[in-house]
Amino acid sequence: MTIYDKVFEIYQEHYLCIHCLGRMFSLLGTNTTNYERGRSLLMALTMDNHNNYLSLTVDNESAILKLKFLSEKADFSPARKTLKNEGISALPSIKKKCYLCEDIFSDLSKYARKAKEKFQAIDYDNFVVGTSIDSEIINREEGH
Ligand SMILES: [Zn+2]
């Protein structure tokens, strides 16, 4: 199974945010972030299927279905825009909650603000941030 097949398999079951998608492949590649890893996978799949759609030698119905899948199941806007540019309609984006993190990454500024408040009473030059992940998230992630 290729990493691209794995992406389709993941989204067949659940919606994941781009951070969590990238984390599913965190052992692959270095010197990058989970977000970059996840976005790169979705972008490469979008580009590959767009290329297949444009190719006269490939079954472009299959490419359209995969672009629609990326647009709808992964809520990936570049796939949606690619379809739109080709005159193909896709279902509109529907706000989904990430199955693994329940959209914790959309609240990062809130957590940063709370940390900043706590640090105001401390004299420091730098600091290290650690996290402890809720066991529910770990269990959902290991279920994959
Ligand atoms: Zn997530």
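A nonpolar core is a set of buried Ala, Val, Leu, Ile, Met, Phe, Trp, Tyr and Cys residues joined through C-beta atoms within 7 Å. The views below come from a predicted model.

**View 1. The largest nonpolar core, with its most connected members.** This core holds 21 residues, and those that touch the most other members are Leu16, Cys17, Cys20, Leu21, Leu42, Leu70 and Cys98. Two or more core residues come from each of the helices H1 (3-13), H2 (18-23), H3 (34-54), H4 (60-72) and H5 (77-85). H3 supplies the largest share, four residues.

**View 2. Leu16 and Ile10 in their surroundings.** Leaving aside residues up to four places away in sequence, Leu16 touches Ile10, Leu21, Cys98, Tyr99 and Leu100. Two of these partners, Leu21 and Cys98, are listed with Leu16 among the core residues that touch the most other members. Ile10 lies in helix H1. Ile10 has 20 other C-beta atoms within 10 Å and is therefore buried, since the cut-off for a buried residue is 20 or more. Ile10 and Leu21 are eleven residues apart along the chain, and their C-alpha atoms are separated by 8.4 Å.

**View 3. The crossing of H3 and H4.** The two helix axes come within 8 Å and cross at roughly 155°. H3 and H4 are therefore roughly antiparallel to each other, because angles over 145 degrees fall in that class. The crossing is left-handed. On the H3 side the contact is made by Leu42, Leu45, Thr46, Asn49, His50, Asn52 and Tyr53, and these meet Asn60, Ala63, Ile64, Lys66, Leu67 and Leu70 of H4. Sorted by class, the residues in this contact are seven nonpolar, five polar and one charged. Leu42 and Leu70, which take part in this contact, are also listed among the core residues that touch the most other members.

**View 4. The crossing of H3 and H5.** Here the axes come within 9 Å and cross at roughly 20°. This angle makes H3 roughly parallel to H5, because angles under 35 degrees count as roughly parallel. The crossing of H3 and H5 is right-handed. H3 contributes Met43, Thr46 and His50 to the contact, and H5 contributes Pro78, Ala79 and Thr82. By class, three of the contact residues are nonpolar and three are polar, with no charged residues.

**View 5. The crossing of H4 and H5.** The axes of H4 and H5 come within 7 Å and cross at roughly 135°. That makes H4 oblique to H5. The crossing is left-handed. Leu67, Lys68, Leu70 and Ser71 of H4 make the contact with Ala79, Arg80, Thr82 and Leu83 of H5. By class, the contact has four nonpolar, two polar and two charged residues.

**View 6. A buried glycine, Gly22.** Gly22 is in helix H2. Gly22 counts as buried because 23 C-beta neighbours lie inside 10 Å. Not counting residues up to four places away in sequence, Gly22 touches Thr33, Asn34, Tyr35, Glu36, Arg37 and Gly38. The C-alpha atoms of Gly22 and Leu41 are separated by 8.0 Å, with the two residues 19 apart along the chain.

**View 7. Asp75, a residue with positive phi.** Asp75 is in the loop between H4 and H5. Although Asp75 is not a glycine, its phi is positive, at about 50°. Asp75 has 19 C-beta neighbours inside 10 Å and so counts as partly exposed.

**View 8. Asp103, another residue with positive phi.** The loop between H5 and helix H6 (108-119) holds Asp103. Asp103 has a positive phi of about 70° and is not a glycine. With 14 C-beta neighbours inside 10 Å, Asp103 counts as partly exposed.

How values were computed: Residues are numbered from 1 along each chain as its sequence is written. This is a predicted model: local features need pLDDT of at least 70, side-chain atom pairs count only at pLDDT 80 or more; totals for chains, interfaces and linings use all residues. A residue is buried if 20 or more other C-beta atoms lie within 10 Å of its own, exposed if 12 or fewer, and partly exposed in between; C-beta atoms are placed from the backbone. Two residues are in contact if their C-beta atoms, placed from the backbone, lie within 7 Å. Axes are lines fitted to C-alpha atoms, for helices over the stretch in contact, and angles run from 0 to 180 degrees between N-to-C directions. Angles under 35 degrees count as roughly parallel, over 145 as roughly antiparallel, 65 to 115 as roughly perpendicular and the rest as oblique. A crossing is left-handed if the near helix is turned anticlockwise from the far one by less than a right angle, and right-handed if clockwise. Ala, Val, Leu, Ile, Met, Phe, Trp, Tyr, Cys and Pro count as nonpolar, Asp, Glu, Lys and Arg as charged, and the others, Gly among them, as polar.
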